[in-house]
Amino acid sequence: AQRDADGKAGARKARRAAERELIEAEGEVERLESEVATLTAALEEPELYTRPEGVNEAKHLGAQLDARRKELDAALERWTAATEHAESLGVATDTT
């Protein structure tokens, strides 16, 4: 009986950890998607390219955008893995 209780407690703990991991992964994806959108919008502003330092600023923003896109790709992979892990433990994955 004690082993069953310990097993159930361990399973609950694993599910809570998986749910936490999933929520954190989703938050990271949302944050990075927002940053990518902000940087993209900044680069699409025509005024950027008419200012004296605009070209240098555009290069800097472009480098930031490339870095955030790479981070987003990695975050999406973590989110996918967290979703699969959570589903394998029976955690509801619709946290939005």
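Trainee: What should I know before I start?

Mentor: Residues are numbered from 1 along each chain as its sequence is written, and side-chain values use heavy atoms, with hydrogens and water left out. The model is predicted, so local features need pLDDT of at least 70 and side-chain atom pairs count only at pLDDT 80 or more, while totals for chains, interfaces and linings use all residues.

Trainee: How many salt bridges does the structure hold?

Mentor: Side chains of opposite charge can pair when their charged atoms come close. A salt bridge is a side-chain nitrogen of Lys or Arg within 4 Å of a carboxyl oxygen of Asp or Glu. The structure holds 5 of them. One joins the side chains of Arg31 and Glu35, at 2.4 Å from N to O. Both residues lie in helix α1, 4 residues apart, or about one turn of the helix. Helices here are DSSP runs of H or I, at least four residues, numbered from the N terminus.

Trainee: Which other residue forms a salt bridge with Glu35?

Mentor: Arg68 does, with the closest N and O atoms 2.7 Å apart. Glu35 lies in helix α1 and Arg68 in helix α2 (residues 54-88), so this pair ties together parts that are 33 residues apart in sequence. Glu35 and Arg68 also belong to a network of salt bridges that links Glu28, Arg31, Glu35, Arg68 and Glu71.

Trainee: Why does Arg31 count as partly exposed?

Mentor: Buried means under 20% relative accessible area, exposed over 50%, and partly exposed in between, with a 1.4 Å probe and protein chains only. Arg31 counts as partly exposed because its relative accessibility is 37%. Glu35 is partly exposed because its relative accessible area is 24%.

Trainee: Is Glu26 buried or exposed?

Mentor: Glu26 is buried, yet has no salt bridge. The nearest side chain of opposite charge is Arg78, 13 Å away; Lys and Arg count as positive and Asp and Glu as negative, with His and the chain ends not counted. Glu26 sits in helix α1 (residues 2-44).

Trainee: Which side chain does Glu26 join in a polar contact?

Mentor: A polar contact is a pair of N or O atoms within 3.5 Å; within protein, one must be able to donate a hydrogen and the other to accept it, and residues adjacent in sequence count only if both atoms are side-chain atoms. The side chain of Glu26 makes such a contact with that of Trp79, at 3.3 Å.

Conventions: Helices (H or I, at least four residues) and strands (E, at least two) are DSSP runs, numbered from the N terminus.
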